[in-house]
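Thanks for coming. I will take you through one structure this morning, starting with a strand pairing and then moving to the side chains.

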Amino acid sequence: MSADWKLKCDSQWELGAHGVPMSGSVDWKSVFEKKPFQRNLLKNPSPYGVKHTIPPPESRRSGVPPPPNQLPQFEPNGNFSGWKTSSEDLPYDTSRIPPGVVVCQLPQYSWFSLEQRVDLKAEGLWNQLLDEFQPEIVIEDWYEESQLHKSIYQLDVKLLGADGKTIIKQHKYNPEENLGSYSHTWKKVSHVFSKYGPGVRYIHFLHRLKNKFMVEFFNTKVTDSSIIIKTNKAVVK
């Protein structure tokens, strides 16, 4: 029976053809049922209910009054199940206010963080695969060009060891937006981890989005976040 499940896995993902180690000690039935390859390992990848194939919804411009009887909003709206979320209010920026000038109101900026930890073995991968073959780990994300600030998005992805703390590889991305050019579209972010070394057992995925409150709430959305394990890499010799 174990050999049958091994054949099914090989047929499904062409593991042998790509040089993937196929030890007889692996629970191939579990691998086949969990399907760890070529699928998104993140839960709830589009918590705002939008997709990058459709333009992001337009926000009301500053100065345009909200509809009557609408309650004020102070946090992003969405279904954030599967994500650990947190907010960080940032200090008011008074650097451009001349001495002696009284300002009635300043925008309040904040970071909204969403993070997940992926247990690679729980998703169906096995030690020999991760340590020897080291399959490519493909990260992808899409964030809204909200134009709220020159810095509206940050990404931090860590490959962690068995203790869930030791960082084996890390990728950070902190772009600066061109506020002089407005297109209000989705921006793609991607990175591929390869040849990262043995010992990886977890992936910690975190992105931060800039929000603004001034009379009303404006936010930066994100969508179609993904972590995908590939098998079609060059054979490690």
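Strands β4 and β5 pair in the antiparallel sense, with six bridges between them. Please keep in mind that this is a predicted model. β5 covers residues 167-173, and within β5 the bridge partner of L160 is I167. The two strands form a hairpin with six residues between them. In that turn, G164 has a positive phi of about 75 degrees.

β4 also pairs with β7. Those two strands run antiparallel and are joined by eight bridges.

How many of the residues of β4 are buried? The strand spans residues 153-160, and eight of its eight residues are buried. Both faces are covered. On one side you have Y153, L155, V157 and L159, and on the other Q154, D156, K158 and L160.

Next, the core. As background, nonpolar side chains in soluble globular proteins tend to be buried together. Here the largest nonpolar core has 48 residues. The residues with the most contacts inside that core are L15, W28, L120, W126, I137 and I227. Take W126: leaving aside residues up to four places away in sequence, W126 touches L15, V20, P21, V26, W28, V31 and F37.

W126 also belongs to an aromatic cluster, together with W5, W13, W28, F32 and F37. The count of aromatic pairs comes to nine. For W5 and F32, the ring centres are 5.6 Å apart and the planes are at 50 degrees, so this pair is tilted. W5 lies in helix α1, residues 2-13, and F32 in helix α2, so the pair links distant parts of the chain, 27 residues apart. W5 counts as buried at 16% relative accessibility, and F32 counts as buried at 18%.

Another aromatic pair is F80 with F112, which is edge-to-face, at 5.2 Å centre to centre and 65 degrees between the planes. F80 sits in the loop between α2 and β1, and F112 in strand β2, so this pair ties together parts that are 32 residues apart in sequence. F80 is buried at 17% relative accessibility, and F112 is buried at 6%.

Two lysines are placed over rings. The charged end of K8 sits over the ring of F32, 6.0 Å from its centre. The charged end of K212 sits over the ring of F218, 5.5 Å from its centre.

That brings us to charges. Side chains of opposite charge can pair when their charged atoms come close. The count of salt bridges comes to eight, and I will go through some of them.

E33 and K29 meet in a salt bridge at 2.6 Å, N to O. Both lie in helix α2, residues 28-34, four residues apart, which is about one turn of the helix. K29 is partly exposed, with a relative accessible area of 36%.

In the salt bridge between D131 and R201, the closest N and O atoms are 2.9 Å apart. This pair links distant parts of the chain, 70 residues apart: D131 is in helix α3, and R201 is in the loop between β6 and β7. D131 is partly exposed at 23%, while R201 counts as buried at 11%.

Finally, K188 forms a salt bridge with E140, with the closest N and O atoms 3.7 Å apart. K188 is in strand β6 and E140 in strand β3, so the pair ties together parts that are 48 residues apart in sequence. E140 is partly exposed, with a relative accessible area of 23%.

Methods
Residues numbered from 1 in each chain as written. Predicted model: local features only at pLDDT ≥ 70, side-chain atom pairs only at ≥ 80, totals over all residues. Heavy atoms only, no water. Core = buried A, V, L, I, M, F, W, Y, C linked by side-chain atoms within 4.5 Å. Buried < 20%, exposed > 50% of the residue type's maximum accessible area, 1.4 Å probe, protein only. Contact = heavy atoms within 4.5 Å. Salt bridge = Lys/Arg side-chain N within 4 Å of Asp/Glu carboxyl O. Pairing = 2+ DSSP bridges. Phe/Tyr/Trp six-rings, centres within 6.5 Å; stacked < 30°, edge-to-face > 60°. Lys NZ or Arg CZ within 6 Å of the ring centre and 35° of its normal.
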